[in-house]
Amino acid sequence: MQDVVVGTAGHIDHGKSSLVLALTGTDPDRLKEEKARGITVDLGFAHLEHEGVNYGFVDVPGHERFVRNMLAGASGFDVVLLVVAADESVMPQTREHIEICRLLGVRSAVVALTRIDLVEDPEFIEIAALEVRELLQGSAMAKAPVVPVSSKTGAGLDELLRALASAASATTRDASGPFRLPVDRAFTMRGFGSVVTGTLVSGSVAAGSEVEVLPEGERARVRGLQVHGNPVESAHAGQRAALNLAGGGRLRADRGSVVAMPGALGATRMLDARLEVLGWASGPVQDEDRVHLHVGTAASLARVRLLGGVGALAPGDSGLVQMRLETPLTAVRGDRFIIRRYSPVITIGGGTIVHAFPPKRSPRSPRALERVAALDRVTDVEAANAFIEEAGVRGLGAAVLHRRLGIGAREVDRVVRELAGTGEIEALGESASGGDGRIFLSAGSVRSLEERMLARLSAWEAENRLRLGMPLEQLREQTGVPVAVADGALLRLREAGAVELTRHTVGTAGRRVALSKGEQRALDGLAGLIEDGGFTPPTAREAAAALQVAPALVDALRRLLLGGGRVVAVSPDLYFDGARIAELREAVADRAAVNPEIDVAWFKERFGLSRKHAIPLLEWLDRERVTVRVGNLRRIRTRSAPRF
């Protein structure tokens, strides 16, 4: 069956709750205060199953003092049921609710002209219908059917249901996107724990799933799931659902929280957006104005920073802004929002979020305006390209791109494939966070990063004439990008024949160290000293004294021998001849056939060593996984079978 959320809208006392009761048999006014005062104060809910459609009704308050509550419900509407009393026609809250629904992107509407039983002259009904149509003119709801009804007598209810069915047929929800449920009610039930309700705006969720409650960031498990009061195994986009959440205690979930799949979304304190100021607003929105910001079911005080050096947006104008929030909330690109003046609290505008996790931008910077403009009113592919371009040489991880676009994993893959296919982006490496670890850079950023790395490598080699390769870790640190990105760029450079890589060093391809005659004599002499030293090679100071050269030159020459594979560095000051080290490894491995354990005494005796050389060699064998230390002994690891 199709699931559709129908939300009421309209002025106070125009019969919204009575109409929902007449349609569903459920009174949406559930609070004692509402019963006592005869007005709707908070959101009310009802359900109707009719001719293949599950209608979830959200009844909102009409009083101007409770527009905040109305906004929490309106964010989940598929169809707005605009209620206008035929005997009073359009009133102030009628206009405000229509503008709110328009700004929130509600496109399907049905108008119910209520209380026709109180109208003596039928002409009044037609006048009210004309006034409503005039009010809707120019909006996406302009063609909404106008149905005269009476909740008291039942007149027109069947026609109203047919109009709702027609409007419902034109609505769709994206079940492929990431699961997201903005919470409009949260409470605790004895014996069950935390329960949250809301409308799934995208994706789906199943009983037993692990979820995350944002912006709090708490993890929980969906212990139970209901749709319209009935237990179900899963719920999908477009359904109103109640989730029984089990966590490590009482969850900090409330209206404004968002339940999502772990890691799929995040909390933010800044939003880049396109803001439209209502034409009938009481005045302009000025830079640094403090406003009430409403996104989904959440609300926060915020500062409006107008981008591009604009001082104010007049009524009827629109522009790009950055909202700086006083409390965090959860949102994604494409979400609609409403702003209300700080005081007096009246609705003055709204718009669309273009970046939910932006950097702090300078309002007067032309570059900042360009960055946001590149994300405004563009496709997902264009937005992804802009996000990746903005990330520069550090790149953008797949998980972060997923959150910024606010779309499903399959859609993200499609977007990435399209951009990669045109050569606009490249994936350089995998992040250490697990999951989809791809990191994307624009083609220009890749070239810039490669040029930066080659320049730093060239500068290092000029300063270190006698060293074969720059330490990889040093180049990574100097480049200032994530390790995965740096290594990805280096692999590309190696494939292009620009650099040579070892496990620990990187050097310009084809580079050879040019030694003077004196340096060559010292190199040959050092190699002979290390070879002749066997298992007791000289230290750098001892070799420098024997060769009558500076210790710094010995250090440089030992690294040359190490890079050429002629010696092995067992410790910072002990370099052994490579052939002797191979002999030692073989002897230790053969020992395992007699006794798999060795101690320091045996090792010293077997190779004729003092403790000065025995301990560094044993520790090196541990690091190389030839042995493993167990107390005062070392167990020889079994050699793996050769691969063919």
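## A first pair to look at

Are Arg305 and Asp287 buried or exposed? Both residues are buried. Please keep in mind as you explore that this is a predicted model.

The side chains of Arg305 and Asp287 come together in a salt bridge, with 2.9 Å from N to O. This pair links distant parts of the chain, 18 residues apart. You will find Arg305 in strand β19 (residues 298-306), while Asp287 sits in the loop between β17 (285-286) and β18 (289-295).

## Salt bridges within helices

Side chains of opposite charge can pair when their charged atoms come close.

In helix α4 (residues 92-103), Arg102 and Glu99 lie three residues apart, about one turn of the helix. Their side chains meet in a salt bridge at 2.8 Å, N to O. Arg102 counts as partly exposed because its relative accessibility is 27%. Glu99, at 17% relative accessibility, falls under the 20% limit and therefore counts as buried.

Helix α12 (residues 472-479) holds Glu473 and Arg476, and because they are three residues apart there, about one helical turn separates them. A salt bridge joins their side chains at 3.1 Å, N to O. Here Glu473 is partly exposed, with a relative accessible area of 42%. Arg476 has a relative accessible area of 18%, so this residue is buried.

## A network and a charged patch

Salt bridges can also be followed through a group of residues: Asp87, Glu88 and Arg115 are linked in a network of them.

For a look at the surface, turn to Glu120, Asp121, Glu123 and Glu126, which gather there in a patch of negative charge. One of these residues, Glu123, has its place in helix α5 (residues 122-136).

Strand β34 (residues 633-636) pairs with β33 in the antiparallel sense over four bridges. To find your way along this pairing, look for Arg629, which stands opposite Arg634 in β34.

Notes
Residues are numbered from 1 along each chain as its sequence is written. This is a predicted model: local features need pLDDT of at least 70, side-chain atom pairs count only at pLDDT 80 or more; totals for chains, interfaces and linings use all residues. Side-chain values use heavy atoms; hydrogens and water are left out. Patches are made of residues with over 30% relative accessible area and no salt bridge: like charges are joined within 9 Å, nonpolar side chains (Val, Leu, Ile, Met, Phe, Trp, Tyr) within 5 Å. Accessible areas come from the Shrake-Rupley method with a 1.4 Å probe; for residues, only the protein chains shown count as cover. A salt bridge is a side-chain nitrogen of Lys or Arg within 4 Å of a carboxyl oxygen of Asp or Glu. Lys and Arg count as positive and Asp and Glu as negative; His and the chain ends are not counted. The place of a charge is taken as NZ of Lys, CZ of Arg, CG of Asp or CD of Glu. Helices (H or I, at least four residues) and strands (E, at least two) are DSSP runs, numbered from the N terminus. Two strands pair if DSSP finds at least two bridges between them. Buried means under 20% relative accessible area, exposed over 50%, partly exposed in between (1.4 Å probe, protein chains only).
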